[in-house]
Amino acid sequence: MINATAPGKIILFGEHAVVYARPAIAVPVFHVRAQATIEPRADARVVIVARDLAREYALDDAPADDPLAAIIRATCARLNVAPQNFCIAIHSTIPLASGLGSGAAVSVAIVRALAKFFGVTLSEVEVSALAYETEKLHHGTPSGIDNTVIAFEQPVYFVRGQPIETFRVARPFTLAIADTGVAAPTKIAVGDVRRAWEADRARCESLFDQIGALARDARAALERGAVDALGDLMNANQVLLRAIGVSSPEIETLVGAALRAGARGAKLSGAGRGGNVIALADAVTQDEVERALLDAGARRVIVTRVA
Ligand code: PMV
């Protein structure tokens, strides 16, 4: 039996502007993981078991746009092997459709498991590129940040179309990741931003420039361990995301609650409109921030250390 996993992820800075070639920063979230398990089968079929959805089906019966089937087919093609004689089971603790990268993590876990099963070594770049193909089924025109940070399992400074840059966080910090409970399809928010950009390019380009500048400053702050500066940068990014139109009353409620409870900064993370809010906490404030987020209506709070 072969087993492989991939972590979740969270975007710290630069969502939406990243689609327009500005830099963004994302980090892996190791508290949650997707897992793929492969066992050989005596017959020729490939059977897919989607444990969390309680679904089991044959690869041959899956439609072309089934994301699990698509990544299995693409990976087998890359590995130069016929997709046959195995059962692949998927299980994930990453919440769906909330900006934690569940789709990309499932894809990366599948690619890694298949590569192991067939005894081929793939680079992180190759793993990421395969997962990106499937991201397109989920999002339409994804920037590629999710598959990159998840395949590399390190903080990334991501600029669309440019070579991948990973970097080190000089001083670990604590994030509370709070789920608004509102499922937010990335495609819709990205489409709305596109329409806003088409209606007033100068305004949106200026907002994207300002967001890009924050992402650059944030990388420098993270690399020199200036955790204190991060909070202000997060708050400034949230103001700009609000101006772009991707915040929501639920997001604002959680952001306000976290700040009142002592978080140094708070912002939406990912596509917005729902999904997650991230708040910068520390050893002193983390319990208070977590409680305040839950009291303010967060469906779930993951407190994680970013190192
Ligand atoms: O909601 P998520 O984590 O899938 O992130 C979406 C991030 C966007 O910048 C809005 C879109 C993208 O493709 O990068």
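Biologist: How much area do domain 1 and domain 2 bury between them?
Modeller: About 2900 Å², with 65% of it on carbon and sulfur atoms. Buried area is the accessible area (1.4 Å probe) that two parts lose on being put together, summed over both. This is a predicted model: local features need pLDDT of at least 70, side-chain atom pairs count only at pLDDT 80 or more, and totals for chains, interfaces and linings use all residues. Residues are numbered from 1 along each chain as its sequence is written, and side-chain values use heavy atoms, leaving out hydrogens and water.

Biologist: Which residues of domain 1 lose the most area to domain 2?
Modeller: Phe13, His16 and Tyr20. Together they make up 26% of what that side buries.

Biologist: Where are the domains divided?
Modeller: Domain 1 is 2–166 and domain 2 is 173–306. Those bounds come from an automatic or database domain assignment. Their centres, taken over C-alpha atoms, are 25 Å apart. Domain 1 puts 31 residues into the contact and domain 2 puts in 42; contact means heavy atoms within 4.5 Å.

Biologist: Switching to charges. How many salt bridges cross the interface?
Modeller: Four, by the rule: a side-chain nitrogen of Lys or Arg within 4 Å of a carboxyl oxygen of Asp or Glu. Elsewhere on the salt-bridge list, Arg22 and Glu205 pair through their side chains at 2.5 Å, N to O.
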